[in-house]
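Please look over the structure below.

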Amino acid sequence: MKIAIGCDEAAYALKEIIKSHLLGKGLDVVDFGTHDTEPVIYPDIAFAVAEQLSQGAFGRAILLCGTGIGMAISANKVPGVRAAQCHDTYSAERASKSNDAQIITLGARVVGVELAKAIVDTWLASEFSGGRSSEKLERIREYECNLHNIRRP
């Protein structure tokens, strides 16, 4: 699986750890930066990752910032993208199983290294289960298409 990853300066160290963790599992990881601790405009990174994901370049993506909130808000502005902020393994599992989230966001100032790895592993091991959630996701897609004048295939 090809995974995109990106962060702001507050989450640079955690991004590097998560990236190594993913590479150690044999996953193909593309790093959108930042590549140091100099301040960046994090929405630009979130938009770049989310746009590439929405175009099918990646199966999933991980975005990190101080809290995970800003990256989630930014990524969710891109049509077709569902980004979920996760700070525990249960929310990571539900992000995938119930909400078919293609992106998770993590807060480097909120979760520790081992918990972050566990969150990522749980999310990657989970798949959308459909069922009752399918109708809800379809309603989100309909609203989004109407809002952005997007034709459904």
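## Ring contacts

R60 sits over the face of W123, 4.6 Å from the ring centre. The test for a charge over a ring is NZ of Lys or CZ of Arg within 6 Å of the ring centre and within 35 degrees of the ring normal.

This is a predicted model: local features need pLDDT of at least 70, side-chain atom pairs count only at pLDDT 80 or more, and totals for chains, interfaces and linings use all residues. Residues are numbered from 1 along each chain as its sequence is written, and side-chain values use heavy atoms, with hydrogens and water left out.

A pair of aromatic rings is described by the distance of the centres and the angle of the planes. Rings of Phe, Tyr and Trp (its six-membered ring) pair if their centres lie within 6.5 Å; planes under 30 degrees apart are stacked, over 60 edge-to-face, and the rest tilted. The count here is one aromatic pair. F32 and F58 form it, edge-to-face, at 5.7 Å centre to centre and 70 degrees between the planes. The pair links distant parts of the chain, 26 residues apart. F32 is in the loop between β2 (28-31) and α2 (42-54), and F58 is in the loop between α2 and β3 (60-65). Helices (H or I, at least four residues) and strands (E, at least two) are DSSP runs, numbered from the N terminus.

How accessible is F32? F32 is partly exposed, at 24% relative accessible area. F58 is buried, at 9%. The cut-offs are under 20% relative accessible area for buried, over 50% for exposed, and partly exposed in between (1.4 Å probe, protein chains only).

## The largest pocket

The largest pocket holds about 160 Å³ of space. A pocket is found on a 1 Å grid over the protein atoms alone: an open set of points where a 1.4 Å probe fits, with protein on both sides within 12 Å along at least five of seven lines. Lining residues have an atom within 4 Å of a point. Grid points are joined across faces, edges and corners, and the volume is the space filled by probe spheres set on the points.

Residues of the lining include N76, R82, N99, L137, I140, R141 and E144. α6 gives the most, with four. By class, the lining has six nonpolar, three polar and three charged residues. Here Ala, Val, Leu, Ile, Met, Phe, Trp, Tyr, Cys and Pro are nonpolar, Asp, Glu, Lys and Arg charged, and the others, Gly among them, polar.

## Cysteines

The structure holds zero disulfides, a disulfide being a pair of cysteine sulfur atoms within 2.5 Å. For C7, the nearest cysteine sulfur is that of C65, 9.4 Å away. C7 is buried, with a relative accessible area of 0%. For C86, the nearest cysteine sulfur is also that of C65, at 13 Å. C86 is buried too, at 0%.

Most residues other than glycine have a negative phi, and most peptide bonds are trans. The peptide bond from G33 to T34 is cis, with omega near 5 degrees. T34 lies in the loop between β2 and α2. D100 is not a glycine, yet has a positive phi of about 50 degrees. D100 belongs to the loop between α4 and β5 (103-107) and is partly exposed, at 25%.

R94 lies in helix α4 (residues 89-97). R94 is partly exposed, at 27%.
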